[in-house]
Amino acid sequence: MLRPGAMSSPDAPPIVLFDGVCHLCSAWVRFILRTDRHAVFRLAPVQSIAGQALLRQWDFPADRYDTIIVIADQHAYTESDAVLRIVAGLPRPWRWLTATRWVPRRIRNSLYRFVARHRYRWFGRGQTCRVPSASERRHFLPGADVVAQP
């Protein structure tokens, strides 16, 4: 879903903000790192300095992480729209998943919210955010590996 917010450069790479302590979210990030061979996306956990700054810039709550956020084309996409933006930027066969866009947003987002509500119980939660390896750093925003102080 599109949300208003501060403008981003139209030619800037898409940014994926994710819950850095969520095991499901971390698995999704590992998937992006494996499949995004051209480093199309920049990543940042919402708990990082970079993530917190972007949450504030785009008027998202800085203390509640219930959706993945993709900032692209001067918009912030959330829930199933964010997932579809990510798969659209990945190579085949993954981009073919955008065919699910025909499913009404209300249904896609209901399913997304159901999984998001139960993600810690089903997949677990870590104590710390994922730290990118040296080879992964090109995919992460500057400041994405530094946790913001509460």
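The expected span of a helix is 1.5 Å times one less than its number of residues. The model shown in these views is predicted: local features need pLDDT of at least 70, side-chain atom pairs count only at pLDDT 80 or more, and totals for chains, interfaces and linings use all residues. Residues are numbered from 1 along each chain as its sequence is written, and side-chain values use heavy atoms, with hydrogens and water left out.

**View 1**
Helix 1 covers residues 23-35. Helices (H or I, at least four residues) and strands (E, at least two) are DSSP runs, numbered from the N terminus. At 1.5 Å a residue, the 13 residues of helix 1 should span 18 Å, and the end C-alpha atoms are 18 Å apart, so the two values agree. Cys25, Ser26, Val29, Phe31, Ile32, Leu33 and Thr35 of this helix are buried. Buried means under 20% relative accessible area, exposed means over 50%, and partly exposed lies in between (1.4 Å probe, protein chains only). The buried residues of helix 1 pack against strand 2 (15-18), strand 3, helix 3 (79-88) and helix 4.

**View 2. The whole chain.**
The chain holds four helices and five strands, in the order β-β-α-β-α-β-β-α-α from the N terminus on. Of its 150 residues, 43% are buried. A contact means heavy atoms within 4.5 Å. Among contacts between residues at least 6 apart in sequence, 71% join residues at least 24 apart. The accessible surface of the chain is about 8600 Å², and 60% of this belongs to carbon and sulfur atoms. Accessible areas come from the Shrake-Rupley method with a 1.4 Å probe; for residues, only the protein chains shown count as cover.

**View 3. Aromatic rings around Phe31.**
The structure holds four aromatic pairs. One of them joins Phe31 and Trp94, edge-to-face, with 4.8 Å centre to centre and 85 degrees between the planes. Phe31 lies in helix 1 and Trp94 in the loop between helix 3 and helix 4, so the pair ties together parts that are 63 residues apart in sequence. Rings of Phe, Tyr and Trp (its six-membered ring) pair if their centres lie within 6.5 Å; planes under 30 degrees apart count as stacked, over 60 as edge-to-face and the rest as tilted. Phe31 counts as buried because its relative accessibility is 13%, whereas Trp94, at 34%, counts as partly exposed. Ring pairs link Trp28, Phe31 and Trp94 into a cluster.

**View 4. Ser48 in its loop.**
Ser48 is found in the loop between strand 3 (42-45) and helix 2 (49-57). Is Ser48 buried or exposed? Its relative accessible area is 1%, so Ser48 is buried. The C-alpha atoms of Ser48 and Asp19 are separated by 9.7 Å, although these residues are 29 residues apart along the chain.

**View 5. His139 after helix 4.**
His139 lies in the segment after helix 4. With a relative accessible area of 5%, His139 is buried. Which residues does His139 contact, leaving aside its neighbours within four places in sequence? They are Leu33, Asp36, Ala39, Phe41, Arg42 and Leu43.

**View 6. Phe114 in helix 4.**
Phe114 has its place in helix 4 (residues 105-123). Phe114 counts as partly exposed because its relative accessibility is 39%.
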